[in-house]
Protein chains: 2
Amino acid sequence: MSHITQKRVVVIGAGFGGLWVAKVLAKTNYEVIVIDKNNYHTFLPLLYQVSAAEISPEQIASPVRSIVRKNKNIQFMHGQVSEINYALKYVMCLGQKIAFDYLVVSAGSVNHYFNIPGTAEFAFPLKTLDDAMVLRNHILTCFERASFINDHTQRQRLLTIVIVGGGPTGVEFAGALAELIAGPLKKDFPELKNENIHVYLVEASDRLIGMFPKKLGEYTCKQLKKKDVKVLLNAAVNKIDATGVYLKDGTVLHTETVIWTAGVKGELIKNDLKVQIMPNGRVVVDEYCRVPGYDDVFVIGDLAYCVHDGKPLPMIAPVAMQQGRYVGKHLLQILKGKTPRPFRYIDKGGMVAIGRNKAIAQIAGLHLKGYIAWMIWIFIHILYLIGFKNKIFVMINWVWSYIFFEKSVRLILPRCCNDPRADGCLRRGRNCKV
Amino acid sequence: MSHITQKRVVVIGAGFGGLWVAKVLAKTNYEVIVIDKNNYHTFLPLLYQVSAAEISPEQIASPVRSIVRKNKNIQFMHGQVSEINYALKYVMCLGQKIAFDYLVVSAGSVNHYFNIPGTAEFAFPLKTLDDAMVLRNHILTCFERASFINDHTQRQRLLTIVIVGGGPTGVEFAGALAELIAGPLKKDFPELKNENIHVYLVEASDRLIGMFPKKLGEYTCKQLKKKDVKVLLNAAVNKIDATGVYLKDGTVLHTETVIWTAGVKGELIKNDLKVQIMPNGRVVVDEYCRVPGYDDVFVIGDLAYCVHDGKPLPMIAPVAMQQGRYVGKHLLQILKGKTPRPFRYIDKGGMVAIGRNKAIAQIAGLHLKGYIAWMIWIFIHILYLIGFKNKIFVMINWVWSYIFFEKSVRLILPRCCNDPRADGCLRRGRNCKV
């Protein structure tokens with residue numbers, strides 16, 4: 001015990017935001033408690049590759065304890081925070097009150113279904129590692145079922161996959177899925193060689209990856225079409241049910257597999273804070289990433305509505321990382337008795353992989369596409385992936401699939417999942433028993 | 001179509017037995033249908049390493065289709081066979097009748113609990129890849145919970161693990177678990193450094209690995225004790241319940257984690273065959289691996305009770321592989337119009353890994369122990385593991401954990417499993433919803 005009482009920082013969420021706060025505060029005079037509902041950090045930018053059977057879930061997950069354990073001032077708690085009590089300065093987790101002096105909420109985002117009927121019940125989300133595994137299992141099971149089914153209509157439904165949302169996730173997954181089908185699955189299922197296998201990418205606006213320049217969106221669209229992805233623009237979804245997707249223009253896509261990548265929103269934990277919440281659930285923060293009116297409560301990442309140069313910052317990993325690093329430094333300034341400066345976001349650009357040798361990127365004002373963008377994409381993703389062994393494993397997988405046109409994690413595993421949409425479970429339905 | 005009608009061989013199970021049948025019949029004039037409830041072959045000898053967070057489940061699983069797809073005469077069907085109808089020569093799978101000319105049943109074994117009360121409900125099995133993941137999740141969650149629980153008794157229960165059965169699986173898992181705890185978990189959970197963490201290995205007979213010479217069993221026992229495993233011999237289990245394990249001598253081991261490795265049995269699918277079933281569920285076969293009285297029904301692997309040189313063959317992988325290869329050749333002899341010779345088993349010995357640098361082996365009459373046995377163990381397991389990339393990944397993992405004393409797959413993933421024993425699920429209980 002030092003003479004000065006050690007202040008405690010509680011960080012909710014071990015994603016890009018929370019982890020970077022902890023990294024900056026490592027080996028300082030703060031006591032840090034990081035809380036997450038998973039015991040691992042997920043490298044979300046590669047999540048779609050897990051669903052596409054390209055890499056293993058383990059390869060984009062790193063145990064939080066192994067990341068923070070070198071630092072004695074950081075503790076990890078595995079659990080879900082159920083409440084923030086600011087009046088008494090604690091959060092509730094696992095039935096315990098965890099006191100804080102400073103609170104950083106970096107709890108990320110959840111799917112936003114815009115109240116479209118059936119979406120929450122029948123579309124597969126792609127937000128967590130569990131989601132990715134469920135989706136992989138389901139797609140592979142659809143092919144297994146299609147190979148032994150006599151009814152033509154039903155077979156067509158099983159061999160049709162609809163991705164809703166033409167943003168980066170939808171585009172990247174569509175590209176990876178098209179390659180999974182064209183290569184390994186066509187080889188695995190010779191009995192389906194004369195069948196039509198459809199991958200649809202459905203986007204409500206008139207272009208793909210709207211946050212990028214129009215030319216890059218057009219290039220992306222062309223490349224996906226070359227891969228046999230059916231891109232539907234200006235196609236708003238009216239309804240989803242067990243039989244398929246119903247578009248506003250009357251089109252019906254009959255399918256067993258709808259993947260939702262069309263929107264996310266913030267969702268703040270139950271609390272007694274006076275906060276302003278935007279329609280998409282994000283919490284308004286000031287230029288110090290604080291909830292206005294509170295000097296000791298920070299919200300960062302997807303959950304934070306942070307206006308910067310007149311525009312709200314997007315819900316992407318680089319924003320969360322920079323805000324995390326900023327909040328860490330902000331707290332260190334306080335420790336030193338200095339006045340922290342406001343948060344400045346540096347836009348380093350963005351990139352989207354379309355598939356083999358193809359990507360688009362916008363970096364330092366440059367618009368790149370094709371092979372060079374793809375190489376940069378690979379370099380950046382390996383660079384930021386946490387864990388040296390994960391980097392090696394992912395690289396081996398990529399080289400392997402590049403050379404052999406293979407995606408080797410084609411496993412329906414685990415077999416039992418009690419999500420009724422998960423066909424990976426042979427005993428389907430919510431009441432499935434192990 | 002050739003002039004001679006192609007005969008169809010249906011193989012139930014893509015384990016070591018069934019897969020080897022298919023391999024021998026590849027590119028021959030038989031039509032082969034391999035049926036399995038999983039879409040992958042599991043390399044069971046390394047299953048315990050998945051539970052011990054050393055390797056990923058994906059690394060010991062190979063998609064059956066990728067193994068057989070080069071051979072046009074082999075088809076794979078992903079489903080569970082519900083019935084064998086010999087009179088009409090078909091098996092039922094996924095609601096379809098799959099006709100056969102020859103049937104090979106290599107469906108493996110299930111846990112045998114000897115009617116010990118509570119075993120089926122409260123003990124964790126370690127027979128499938130799903131089991132291994134559930135167990136890994138549970139053990140890691142016990143440590144997470146222990147780190148934030150105030151009640152001392154409850155913490156002790158969470159930090160006590162009881163393995164029932166001193167055969168090869170029990171010994172290998174006990175050794176791997178002891179190393180997981182002594183290395184990574186003690187580093188991950190500094191807050192538990194003053195706690196007693198107990199691993200018990202409970203065996204009903206007076207020695208470990210009874211099928212090996214006594215000296216090797218004693219060596220194994222000594223090595224496990226060095227690793228802080230509490231080996232209890234002559235310790236029969238009376239009862240297991242939610243609070244712990246009750247031994248016949250009155251000892252009670254308070255724990256949340258009991259792993260059952262003390263016995264397996266055969267379980268034949270519903271059928272109309274006239275078969276003789278042994279008390280442990282195995283199906284009696286003749287010296288041609290056929291069900292006596294049937295020329296066209298073979299049973300191999302764990303499920304077969306095959307007497308050889310006056311003794312029944314053990315339920316181990318080499319027996320299944322040799323029988324599989326034999327049945328394949330037997331069928332080829334029939335195709336050539338020759339008379340097949342009876343099955344001869346060649347005992348190539350056995351081996352058990354105890355941990356870092358330590359194993360025992362019995363090969364060609366030699367009794368080996370320590371480093372040399374361990375090197376042979378590694379070599380043999382990598383040799384038989386299916387898939388070149390799996391070999392590389394497992395090797396990297398082993399080298400990594402050897403150098404850094406790490407077990408890096410310490411992930412509670414997937415998080416939701418509806419097995420009430422699976423603490424990996426934050427919302428515990430059979431009615432847990434995704």
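Tutor: Happy to! Two strands count as paired if DSSP finds at least two bridges between them. Keep in mind that this is a predicted model. With that in hand, look at strand 16 of chain A and strand 17 of chain A, residues 252-254: they run antiparallel and are joined by three bridges. Four residues lie between strand 16 and strand 17 of chain A, and the two strands form a hairpin. In that turn, find Gly250(A), which has a positive phi of about 100°.

Now turn to the other partner of strand 16. Strand 15 of chain A, residues 237-241, pairs with strand 16 of chain A, residues 244-247, in the antiparallel sense, over four bridges. Here Val237(A) stands opposite Leu247(A). Strands 15 and 16 of chain A also form a hairpin, with two residues between them.

Next, the chains. Chain B can be laid on chain A by a turn of 180° and a shift of 0.0 Å along the axis, with an RMSD of 0.0 Å. The two copies are therefore related as by a two-fold rotation axis. Both copies use the same surface, as 98% of the contact residues of chain B recur in chain A. The contact itself takes 44 residues from chain A and 44 residues from chain B. On the side of chain B that touches chain A, 22 residues are nonpolar, 13 are charged and nine are polar.

Definitions and conventions
Residues are numbered from 1 along each chain as its sequence is written. Chains are lettered from A and ligands numbered from 1 in the order in which they are written. This is a predicted model: local features need pLDDT of at least 70, side-chain atom pairs count only at pLDDT 80 or more; totals for chains, interfaces and linings use all residues. Two residues are in contact if their C-beta atoms, placed from the backbone, lie within 7 Å. Ala, Val, Leu, Ile, Met, Phe, Trp, Tyr, Cys and Pro count as nonpolar, Asp, Glu, Lys and Arg as charged, and the others, Gly among them, as polar. Copies are superposed by least squares on the C-alpha atoms of residues with pLDDT of at least 70 in both.
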